[in-house]
Number of protein chains: 2
Amino acid sequence: MTPQIEVVFQPHGKRAEFPPGVTVMEAAQALGVDISSLCGGKGKCGKCKVRVLGGDGTVSEPSDKELKHLSEEEIRDGFRLACTTRLGASTVIHVPLRSRIGRQRLQTGGLEIPVKLDPLVKKYRVTMPPPHLRDSRADEDRLLASLTEQHGLPELGIDFDVYRSLPNIVREANWDATAVVWKDRIIALEAGDTSDSCFGLAVDVGTTKLAGFLIDLKRGEVVAVAARMNPQIPFGEDVMSRVSHIMNGGWDALEKLQDAVVSGVNEIIVECCGEADARPEEIYELNFVGNTVMQLLLLGVWPRHVVSSPYTPAIRRGVDVKAATLGLRANPGANAHHLPVIGGFVGADNVAMVLASGILESDEMIMAIDVGTNTEIDLGNRDLVMVDSCASGPAFEGMHIKFGMRATTGSIEKIGIDPETFDVYYRTIGDAPPIGICGSGIVDAPAELLKSGLIMPRGNFVTEMTERTDRLRKGPDGWEFVIAWGKETDIGTDVVVTLRDIREIQKAKAAIHTGADLLMQRMEIDEADISKLVVAGAFGNYIDPENARIIGMYPEIPLERIEFAGNLAGTGARMTLMNREMREHAEMISSRVRYHELAADEGFQKEYIDSLNFPHSDLSKYPETVELLRRYGQKI
Amino acid sequence: MTPQIEVVFQPHGKRAEFPPGVTVMEAAQALGVDISSLCGGKGKCGKCKVRVLGGDGTVSEPSDKELKHLSEEEIRDGFRLACTTRLGASTVIHVPLRSRIGRQRLQTGGLEIPVKLDPLVKKYRVTMPPPHLRDSRADEDRLLASLTEQHGLPELGIDFDVYRSLPNIVREANWDATAVVWKDRIIALEAGDTSDSCFGLAVDVGTTKLAGFLIDLKRGEVVAVAARMNPQIPFGEDVMSRVSHIMNGGWDALEKLQDAVVSGVNEIIVECCGEADARPEEIYELNFVGNTVMQLLLLGVWPRHVVSSPYTPAIRRGVDVKAATLGLRANPGANAHHLPVIGGFVGADNVAMVLASGILESDEMIMAIDVGTNTEIDLGNRDLVMVDSCASGPAFEGMHIKFGMRATTGSIEKIGIDPETFDVYYRTIGDAPPIGICGSGIVDAPAELLKSGLIMPRGNFVTEMTERTDRLRKGPDGWEFVIAWGKETDIGTDVVVTLRDIREIQKAKAAIHTGADLLMQRMEIDEADISKLVVAGAFGNYIDPENARIIGMYPEIPLERIEFAGNLAGTGARMTLMNREMREHAEMISSRVRYHELAADEGFQKEYIDSLNFPHSDLSKYPETVELLRRYGQKI
């Protein structure tokens, strides 16, 4: 009965004692440590890779099943499958990011990068000596002098609207007030001491989704998060169709789309305030990121020219405007800031991602990919960062995929295929019966089919395999593979992946790889020079990094150098709200990151075609993947 | 027939040849030189004093009549009466300001002080290279870079509203546009080359009158002038009654008064634009001066506290706000600037006067008096300037005076009394039959009565004089003196000056003198230290400086050191519109001029009572005036 060995899970830091012979998975489940498992601990899906540190000689030997899923290098580094590995002595288990379930499915999420709390907007309580005949200084001078004496502030500007009630507020409050200072200006003056309540809102304006983060700027904490579909969707699902709508409807149409997004943000404000017990009037700054079209529609700027060649943005630098001018619900003096952009298809969201990923402060070379309908790729270090943007399409968002869907309850988010039996293991969000496949599952499907020999590197099905599995078959849309049988699902029909789906995925991943590869070519570096690959985007946290690499979505960079960061644009927006230097940093990024126009790159066409294959026509670019596929028995 | 002598009038510079024996007045009239004359050339009114330079020994000897009007010092300096002085040889005649008629009765007038043309708002025509795939810079960057290349401008800010149509304007204009730059921001962008049309408006917002000056900022010329009664007058004739009205009516009442003055300024804009063939949209900046209450009512700031002890202004520094925010008709991006103020009763009009009078640049001591319902007095030099404000009341504006009126056609603006016959000579504006007495006449009346021995230094009539003139009599309001008989007037009744009028004048002039005297005391200087006295105010140009001094309106400073400058506040407003450094200078004045609160000065009461006498209880302060009165035969 007495437990004899201690098992510690990292980076969670959870630990407990267990009887010898416990499997890693059993220990993990007992401690509530999240380790991915699709096949239910049968050693078949290979999703539960962990690294076993210590316990030398007392850990069970790798089984045949394990050896199928692990490369020699992985075994050398201590990687094992959690479900089949038994421990005989105290050990430390490192659970890599890719093997974690990621239960906190906050679609709005993203890395929290600690920044010094030093927002552009701050509150200062100030008490003033009442005037008398021998001290009849102006109310303005009295306020400014007291701010200087009590807070060391330089002589500040004062917003015009603050002047209007200045004489009344200071007297009603008996010369005890709180000044709200934005940059070098007083934007609001409040009676009494209100210095405890100072909020800001960071907003990621996506073409599809709005995500808002209410931040307590006094304490530097995110106190509420809310998301909404972008209310502009009825005017067009993508940026092109929204701009077309405006071209047809004129300035009235632009105003309608502006109103739509503003009303969406206002709903987020109300929801966040409700959650955090704050009032909209206590929000003194709002920071926005979004692509260049979202930027123009939010600001009400004519958007036509950014979507037609040569794709010139209207505004590059960050824009400050009174939130009230845009119709946003916040303090009347609140500032709305839209972060700067880089180029026609590289918006403030990318600036925020570069900021959050720290490329421009890095000595080493970093690549960052923000996967979306348009995918931006940044590559460089403190000396030079280049960015390009590729039209990767909406396949990874579930669109143009037969059973594709957004990541919600019931969507298949992970897929494993047993390379011998071709049984399919999957996990759905919320463990509900499947109703479709979301982004990370859409990445898994072709990778697993490839590993199992069910498709060829060119993407077509190996039709002879119909002899070995009835999951491969000809359906109404041509060849298809059954991921979930109708009886397992909530929709009554088989959930399949079709050849057409695979073609869509090939186009999408080829576009992204081409963008990445051409940047590397233009900067004259190769994979070995890249010390970190950051993958961002709404579903970024949930992609299987190895499967993404198997299909050639990005260059073959060692898995330990790949980081998934989720919604980094939102992270950057929060950083610029919390620290004023980050704002300058964003301007610096906007002016320094060099935009590479793929449409003007002569190498584009060839590289795109070569990138359509899984993982690539030039296999010398993917040696590890080739080795892995060969280990699975594929002739490549 | 051959003219033999040349007569030159200075400072007019007019000259012609005349037969010897010509009187100065005859020569002046022939040349259209304006020399004051009330008695029609009879040597009785003494208003036509000129200085005769040269012609030694050939100029007629001073007559007895002349000697009555001239002091020994004046005769020594060459002063003579123009009407009785005959010339025997070529001479130069200097016509002092006080003897000029000033026919250009522009009530809005004021000195034109030349400043370097360097306005805060300027236009820059800019052509940009059209974008293409290898130069897809943002429209913003393209514009800014071209402005830097073509005009050496630093990186400018851009007004939010300019962004909205930026992409359209540059393309419609085929990349040829005009940027309107205010300070360090682009406030408007216009298609094509509009750089020739750039206007600004300087506005003096008086309690009673609005005066606007449209200035061509490209050429530095005043191109139109317009004036209106302040449309706030129906809400109260003076500042106190307007503030009371607002106290009763609340923010709605404040808004009505703000709308009133704004509509008045808008009418001025339309009139000026019509006159100058300009459009309101071509006005890019408006500069306002006014007292502190007018400032707050224009800006819509709660005005109560500035009119009750301890009289604290709300705003001291200059205020910039979009003209559109105030409802002013101008370019949508135009800036409205209100000049800074100094203290509760010392407004931007005084800052403008200090600016225009150059006190703070002067090595020597200058006193400047801006006569109005409130009279501000500034005294100092580059080291220190002090200002105080005294409630001189509206007597000099014609109010509380039985036949007082504003300076319009038919108002008596100059009065002379023959000290022997007590005949009265007067001049009316427009030479129309008299209907009342305006400010300069109101100054003349007690001075002339005093010189003629009709009133005592304490202001009461010398009733024994009824024996020598039937103009002195007892009327319905007590003792009075007839200035114009009913048959001469347009109103059918005698125009008189009453004892009560004289009491009002005494109070007004005592307040002004007290303000001036106490400033001198506090700065520990006396009359001899003052190198220049500048008298400003709407009627300033038309006051007889000697008569004003005889009644003790200001300290006894030699007449040649007294300058009349008219509406110097308007002059200052124009200067700050035309030259950006003047704006900084105004801020410097606002912060450096030290406000002296008369209400807190212990010497006030005594000095005010002593100042009620004509010219003063302490005659040692007015030695020249005493000598003059004694020369006229007065026992003083």
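This is a predicted model: local features need pLDDT of at least 70, side-chain atom pairs count only at pLDDT 80 or more; totals for chains, interfaces and linings use all residues.
**View 1. Overall build of chain A.** Chain A contains 16 helices and 27 strands. Its radius of gyration is 27 Å, close to the 26 Å that the globule rule gives for 636 residues, so chain A is as compact as a globular protein of that length. Along the principal axes, the C-alpha atoms of chain A fill a box of roughly 100 × 70 × 50 Å. Of the 636 residues in chain A, 53% are buried. Among contacts in chain A between residues at least 6 apart in sequence, 68% join residues at least 24 apart.

View 2. Chain A is superposed on chain B by a rotation of 179° with 0.0 Å of shift along the axis, and the RMSD is 0.2 Å. The two copies are thus related as by a two-fold rotation axis. A:Thr325 is the residue of chain A that comes closest to this axis, its C-alpha lying at 6.0 Å. Both copies use the same surface, for 100% of the contact residues of chain A recur in chain B.

**View 3. The side of chain A that touches chain B.** In this interface, 39 residues of chain A are in contact with 39 residues of chain B. The elements of chain A that give two or more residues to this side are α4 (139–151), α5 (160–172) and β14 (319–322). The largest share, seven residues, comes from α5(A). By class, the side of chain A that touches chain B has 19 nonpolar, eleven polar and nine charged residues.

View 4. In soluble globular proteins, nonpolar side chains tend to be buried together. The largest nonpolar core has 349 residues, and those with the most contacts inside it are A:Ala352, A:Ile483, B:Ala352 and B:Ile483. A second, separate core of 17 residues includes B:Val24, B:Val50, B:Val52 and B:Ile93.

**View 5. Helix α9 of chain A.** Ten of the ten residues of α9(A), residues 348–357, are buried, so this helix is largely enclosed by the rest of the structure. Its buried residues include A:Asp349, A:Asn350 and A:Ser357, as well as A:Val351, A:Met353 and A:Leu355. A:Ala352, likewise one of the buried residues of α9(A), is among the residues with the most contacts inside the largest nonpolar core. Just after the helix, A:Gly358 takes a positive phi of about 70°.

**View 6. A four-stranded sheet in chain B.** This open sheet of four strands has the order β6-β8-β9-β7 in chain B, with mixed pairing. β6 (121–127) and β7 (157–158) of chain B stand at the edges, each with a single partner strand, so one side of each is left without a neighbour in the sheet. β7(B) runs parallel to β9(B), residues 185–191, and two bridges join them. Here B:Ile158 stands opposite B:Ile186 in β9(B).

View 7. A:Pro555 is placed in the loop between α12 (545–550) and β26 (562–566) of chain A. A:Pro555 is buried, because 21 other C-beta atoms lie within 10 Å, and the cut-off for a buried residue is 20 or more. Not counting residues up to four places away in sequence, A:Pro555 touches A:Ala516, A:Asp517, A:Met520, A:Glu527 and A:Lys621. A:Asn613 is 58 residues away from A:Pro555 in sequence and 13 Å away in space, C-alpha to C-alpha.

View 8. Most residues other than glycine have a negative phi, and most peptide bonds are trans. A cis peptide bond, with omega of about -10°, joins A:Phe614 and A:Pro615; A:Pro615 is in the loop between α15 (604–611) and α16 (623–631) of chain A. Another cis peptide bond, with omega of about 5°, joins B:Ser309 and B:Pro310; B:Pro310 is found in the loop between α7 (292–299) and β14 (319–322) of chain B. A:Asn174 has a positive phi near 55° and is found in the loop between α5 and β8 (176–182) of chain A. A:Asn174 is exposed, with 12 other C-beta atoms within 10 Å. B:His400 has a positive phi near 65° and lies in the loop between β18 (385–390) and β19 (411–417) of chain B. With 16 C-beta neighbours inside 10 Å, B:His400 counts as partly exposed.

Note on methods:
Residues are numbered from 1 along each chain as its sequence is written. Chains are lettered from A and ligands numbered from 1 in the order in which they are written. Two residues are in contact if their C-beta atoms, placed from the backbone, lie within 7 Å. Ala, Val, Leu, Ile, Met, Phe, Trp, Tyr, Cys and Pro count as nonpolar, Asp, Glu, Lys and Arg as charged, and the others, Gly among them, as polar. A nonpolar core is a set of buried Ala, Val, Leu, Ile, Met, Phe, Trp, Tyr and Cys residues joined through C-beta atoms within 7 Å. Copies are superposed by least squares on the C-alpha atoms of residues with pLDDT of at least 70 in both. The radius of gyration is taken over C-alpha atoms; the globule rule is 2.2 Å times the number of residues to the power 0.38. Two strands pair if DSSP finds at least two bridges between them.
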